[in-house]
Structures are given as structure tokens and as C-alpha cells.
Amino acid sequence: MTFSKRQTLILESARRSGSARIADLAAELDVSLETIRRDIRSLVETGEIVKSHGLVSLARQDMEAPFERRMRENLDAKIRIARHVAAGIADGDSVMMDTGTTTSVLARELRGKTGLTIVTNSSDVARTLATVNGNKVYMAGGELHGDNGAAFGRSAIDFVSAFRVRHVVISIAAIDPVGGLMDYHLAEADFARTVLGCGETRTVITDHSKFNRRALVRVAGFLDVDRIVTDMAPPPEITERLLAAGTALEIAA
């Protein structure tokens, strides 16, 4: 379908914010409510958006779980990061990964490897890499989170603590020059912190949107990881902290 300029702006607004009030769209586009409703009506009829209680949102978002929506955010950057990390993982290597959209993308990039040993709490990572190419996959048990399908809690931590692997790879929700590596949830932070103690090479993968964010729980300091792989150079204050800690910074091309 070919969209008018206003319809394109309506879709962009819904995509940007998740949903948009019809009255706000009329004011933003400087048209009457009747005009904006006509534009919206055709978008609803073609299945592009849904309308409810004075709001419009993308129809595709309504069908997707939050984790799936986050997978699509900055997807090009996540793919570049994942390919960069996957290039340094050899056939037969052992890899421990936590849950996260970027680690899920990495799991897909690792499907070309053979004989991997994977340890994870992510059902998505486990499902992606199990039973293919001679891989062995060890999945931590525990309480499953409905959003990302990952196991957390004491049983998951005790399980992964028994392993020593070649590569540890974690994703992160926020990187603050003072707070270091941070997450929004205590259980996820506890698990990621444990994972960092289980590998010879400790890698954090994150796209540039996580820089200069602060979250609730501190996972680790810059001294606690060997390298950070990202898609763009971080702000100077974070770069300085990485240099002071001796943590390598790798920008995925």
C-alpha cells in the first residue's frame, strides 16, 4: 500500500512511542479530528494499525512479545556486534551466555560453528543452538521469566557456577561512567555477575544506546571484564574509564 505523507507520519509516531493519542496526532499534524480519523481508518482497514479508546498502535506490536520487539531495536547494530564476537569463537569452543536480545542474535550467528559447548539460562539461546552441528547445550534451571523465557534464582546460579568455559559473553542494560555495568533487575544482575566469574575471556556486548544510561542494580565494574564490543565509540567519559581499567574496546565494523 502507498501511504500519504500524513499516514506515514502517523505510523512513525506509533512506531516511535508504541502508541499515539488520536487527538495529539491531529494537533501535531495541524488537521481536524475528522481528517485524522479518515487517515487512521484506512490504516486500520489494511491492518497496519489498531485503534482502541482514542489510541492507535502498530498492529504488529500487539502480536509481538516485548522481548521480540526489543530484538528488532537497533537490529543492524546487534548483528554487527554478534558477527564480530562470533568471528573470535572457534569450532569446539565453550561459551557461556546470559539472556538478552544481543546474546540471542549472537546465538544465531553461532549456528555456523560446530562442536560448541553452550551454557546458558536463556531458553532462546538453548533452542537456537541445541541439536545442531554436534553442539552440547547445558540449560540452567530455575524460575522462568515470562518476558524472555530465561531461568533465574539460586538454582540457576548454582548450576552455571559449576562450569569453567573459554568464552563468557553477557549483554547489559546500561553503562554508566560512575556506576559501571548495570541492569534493571536484581535477578538478572546477580546471574550476569556470576557468569563473569566462569570464563577465561569475559566479554560484554552492547549497542550504543546503552551508553550513559543508569539502571537500578550494579553488575560489575570496568575492571571485571576483559573487553566491551559495541557498534559505535562510547562517550569520552566511558572511554576514559575503560582505558584506566585496561578493558579493551572493540567497535564492530
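Two strands count as paired here if DSSP finds at least two bridges between them. By that rule, strand β11 (residues 180-183) pairs with strand β13 (residues 217-220) in the antiparallel sense, over three bridges. The model in which this pairing is found is a predicted one.

The protein contains 11 helices and 15 strands. Its C-alpha trace spans about 65 × 45 × 35 Å along the principal axes. Of the 253 residues, 47% are buried. Contacts across the sequence can also be sorted by separation: among those between residues at least 6 apart in sequence, 59% join residues at least 24 apart.

Now back to the sheet. Strands of a sheet pair through backbone hydrogen bonds, either parallel or antiparallel. The link from β10 to β11 is a hairpin of three residues.

Taken together, the three strands form an open sheet with antiparallel pairing, in the order β10-β11-β13. β10 and β13 are the edge strands; each has a single partner, so one side of each is left without a neighbour in the sheet. On average, neighbouring strands of this sheet are turned by 45° against each other, direction ignored. Helix α10 (residues 186-196) packs on the sheet and touches β11 and β13. The direction of α10 makes about 10° with that of β13.

Helix α2 (residues 22-29) and helix α3 (residues 33-45) pack with their axes 9 Å apart, at an angle of about 110°. Angles of 65 to 115 degrees count as roughly perpendicular, and α2 and α3 are therefore roughly perpendicular to each other. On the α2 side the contact is made by Ile 22, Ala 23, Leu 25, Ala 26 and Leu 29, and on the α3 side by Leu 33, Ile 36, Arg 37 and Ile 40. Sorted by class, these are eight nonpolar residues, no polar ones and one charged residue. An α-helix has 3.6 residues a turn, so residues three or four places apart point the same way.

Helix α7 (residues 101-109) shows how a helix can be covered. Seven of its nine residues are buried, and the helix is mostly covered. The buried residues are Thr 101, Thr 102, Thr 103, Ser 104, Val 105, Leu 106 and Ala 107.

Is Thr 120 buried or exposed? Its relative accessibility is 0%, and because buried means under 20%, Thr 120 counts as buried. A polar atom of the Thr 120 side chain lies 2.9 Å from the backbone oxygen of Met 97. Leaving aside neighbours within four places in sequence, Thr 120 is in contact with Met 97 and Asp 98, with Val 125 and Ala 126, and with Tyr 138, Met 139 and Ala 140.

Notes: Residues numbered from 1 in each chain as written. Predicted model: local features only at pLDDT ≥ 70, side-chain atom pairs only at ≥ 80, totals over all residues. Heavy atoms only, no water. Buried < 20%, exposed > 50% of the residue type's maximum accessible area, 1.4 Å probe, protein only. Polar contact = N/O pair within 3.5 Å; in protein donor to acceptor, adjacent residues only side chain to side chain. Contact = heavy atoms within 4.5 Å. Helix = DSSP H or I, 4+ residues; strand = E, 2+ residues; numbered from the N terminus. Axes fitted to C-alpha atoms, helices over the stretch in contact; angles between N-to-C directions. Parallel < 35°, antiparallel > 145°, perpendicular 65-115°, else oblique. Nonpolar A, V, L, I, M, F, W, Y, C, P; charged D, E, K, R; others polar.
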